[in-house]
4 protein chains.
Amino acid sequence: MSDNPEKYSLNSGKVASATQEWLAKRGVTREAIAELVHFLQKDYFPDLTQEDCMVHVDAVLSKREVQNAVLTGIQLDILAEEGKLLAPLQDMIKHDESLYGCDEILALSIVNVYGSIGFTNFGYIDKMKPGILVKLNSKDDGEIHTFLDDIVGAIAASAASRIAHRKQAEREGVTTPPLD
Amino acid sequence: MSDNPEKYSLNSGKVASATQEWLAKRGVTREAIAELVHFLQKDYFPDLTQEDCMVHVDAVLSKREVQNAVLTGIQLDILAEEGKLLAPLQDMIKHDESLYGCDEILALSIVNVYGSIGFTNFGYIDKMKPGILVKLNSKDDGEIHTFLDDIVGAIAASAASRIAHRKQAEREGVTTPPLD
Amino acid sequence: MSDNPEKYSLNSGKVASATQEWLAKRGVTREAIAELVHFLQKDYFPDLTQEDCMVHVDAVLSKREVQNAVLTGIQLDILAEEGKLLAPLQDMIKHDESLYGCDEILALSIVNVYGSIGFTNFGYIDKMKPGILVKLNSKDDGEIHTFLDDIVGAIAASAASRIAHRKQAEREGVTTPPLD
Amino acid sequence: MSDNPEKYSLNSGKVASATQEWLAKRGVTREAIAELVHFLQKDYFPDLTQEDCMVHVDAVLSKREVQNAVLTGIQLDILAEEGKLLAPLQDMIKHDESLYGCDEILALSIVNVYGSIGFTNFGYIDKMKPGILVKLNSKDDGEIHTFLDDIVGAIAASAASRIAHRKQAEREGVTTPPLD
């Protein structure tokens, strides 16, 4: 915030809180994402609770690259819902056109932050559509979540990658967290 | 288009022609992109003309992945120009915030179609900003091209990659074009 | 090939044929990859035959980016099998260490060539491991296919993407193939 | 290491120390990478010292994805130098064939960890070849650094991205580091 309205200055706190708010407004809770993470990791770590998963979801959501992708994707979904995009983009996003892949691209940019081991989980969850992903994909209610369903899957896949890294550190008795 | 207005069916021709139109409306001609390609490749292929480059630009623009990225990026630029995005996304795109990287992500999805050899050219041209890229980056005139400048650089880098592949085929006397 | 043995000149034909040979030697036939493609696409295109799929597998394999990834991945698998890599890389590749992701990275470079719509299929098939992928993953026989299993999944996912693009063109009655 | 020689267990400390050792053996010091980072960032942050840059280089090198790419790339360079790869891969890596892009792919997997804002710096430095990059590219001495030159550029670009993120945090007076 600056006294001079023309002077732009990034406010990271606002970007972070907008990410949380926009997800909530679009019906995606941290709990729902944690449930997806649990779905992905429960067979590997039987003791893992949904509570544990939530810690990792929060860490993923604290990354700016993730926040940027969430805000951009939700914005496009909302504009498509309101019919405010120009044709033919409006139609492709509204109908989640199978040859339109910019939603997967933004999702991949999230997965990349935690490394390539997340690709498989992203693709798997995107195809299986457990939990919240079914709801985001039902086109019945007039809501459009072309970007958000991929983004939520990517956040879950990233949190799963983070768990894999941390569990290894625990196994080796490493107590100092890696540098960010 | 179908008799049933509710029935969606992708019209690829419309996506392709919208790509050309939107680029033109935003001040980017095929000639301007061909000039960037020439800038990138002239030292390697001294006989290469800007006319030659245009053929490759057209080929890149005929790819649907490229069209999707062009339309999505330009749409976000236009909406930012009109002040229709929600804060804080509106501010980040309007000011081409350096920690906002979704523009680079869409650009990379273009480069990827012609393979990893284009990454270097993309980064180089994005930093040097020759030709049309200077104009797209001047924020003086109230126009916002946060996405478009990266996208144009990516199209040029992709066309340069395509030239490298074709020149190799010529050198080896291969006459049948590779399968798409 | 040049008269001067010191003078290097890429021979694309040799790269292409080596790709076919190395895949065959490592037990991966075009038929086996076509079967994976069929697994991925049969629900969407009930008339699709495995023969049809093979055409698309061949097209994917004709791309140099794909050939580069195949040769590099198989080479690393072979060297790991022979115990010729340096520790700790030798151990990570030999044991397909879950935190080692360079195999997924090479695979993704294949998927990227046909665009982001292939990410989901890649992740799905990599997790489900149908057909040849089971065999490539069984560590019983002393063979190491840490890279190859991901690469084969990526080729299949890419061929599936190519089918999706072509079927759309057929639906729209487009007869001229897109430029490469 | 385990009492049972057959039992594999990842030792993260060994992976990290091998990364440092292999870089050193191939002639790449932390100082040389820090110099590249300084080259990329000095215009934006005039007070930045090479010492400061080294902290960020170390942080990048502490990431496992980065370590994996470093070890894999250097291993391929060494094997090419010893003539132990199979033709035609041996020739392509030995001669840093311009249509061979797996080196750029591994490099990009490093850049991705710090987000898309690093792409531009990677491409730029790879083209300009300041400092240690000239030496890695001179093919005079029989050494082959086809992978390493891209990898070193990617580490520098990633460190530059990390600096951009941290400087923003400082500007906003954020004192708690983001979660990893």
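Tutor: Let us begin with a definition: a polar contact is a pair of N or O atoms within 3.5 Å, where within protein one must be able to donate a hydrogen and the other to accept it, and residues adjacent in sequence count only if both atoms are side-chain atoms. Please note that this is a predicted model, in which local features need pLDDT of at least 70 and side-chain atom pairs count only at pLDDT 80 or more, while totals for chains, interfaces and linings use all residues. Residues are numbered from 1 along each chain as its sequence is written, chains are lettered from A and ligands numbered from 1 in the order in which they are written, and side-chain values use heavy atoms, with hydrogens and water left out.

Student: What area is buried between chain A and chain B?

Tutor: It is about 2,900 Å², and carbon and sulfur atoms give 75% of it. Buried area is the accessible area (1.4 Å probe) that two parts lose on being put together, summed over both.

Student: And what about chain B and chain D?

Tutor: Chain B and chain D bury about 1,900 Å² between them, with 69% from carbon and sulfur atoms. Of the area that chain B buries against chain D, B:Leu99, B:Thr120 and B:Lys127 supply 32%, more than any other three residues. Six residue pairs are in polar contact there, both at pLDDT 80 or more. On the side of chain B that touches chain D, α7(B) gives the most, with nine residues.

Student: Changing topic, how many cavities are there?

Tutor: The count is six cavities of 30 Å³ or more. On a 1 Å grid over the protein atoms alone, a cavity is a set of points where a 1.4 Å probe fits but cannot get out, and a pocket is an open set with protein on both sides within 12 Å along at least five of seven lines; lining residues have an atom within 4 Å of a point. Grid points are joined across faces, edges and corners, and a volume is the space filled by probe spheres set on the points.

Student: Which residues lie nearest the centre of the largest cavity?

Tutor: They are A:Asn112, B:Asn112, C:Asn112, D:Leu108 and D:Asn112, out of 35 lining residues. This cavity holds about 460 Å³ of space. Its lining has 15 nonpolar, 16 polar and four charged residues.

Student: What is the volume of the largest pocket?

Tutor: The largest pocket holds about 830 Å³ of space. Among its 30 lining residues, A:Asp96, A:Glu97, A:Ser98, A:Leu99 and C:Tyr44 are the closest to its centre. The lining divides into nine nonpolar, nine polar and twelve charged residues, and α9(C) supplies the largest share, five residues.

Terms used
Nonpolar A, V, L, I, M, F, W, Y, C, P; charged D, E, K, R; others polar. Helix = DSSP H or I, 4+ residues; strand = E, 2+ residues; numbered from the N terminus.
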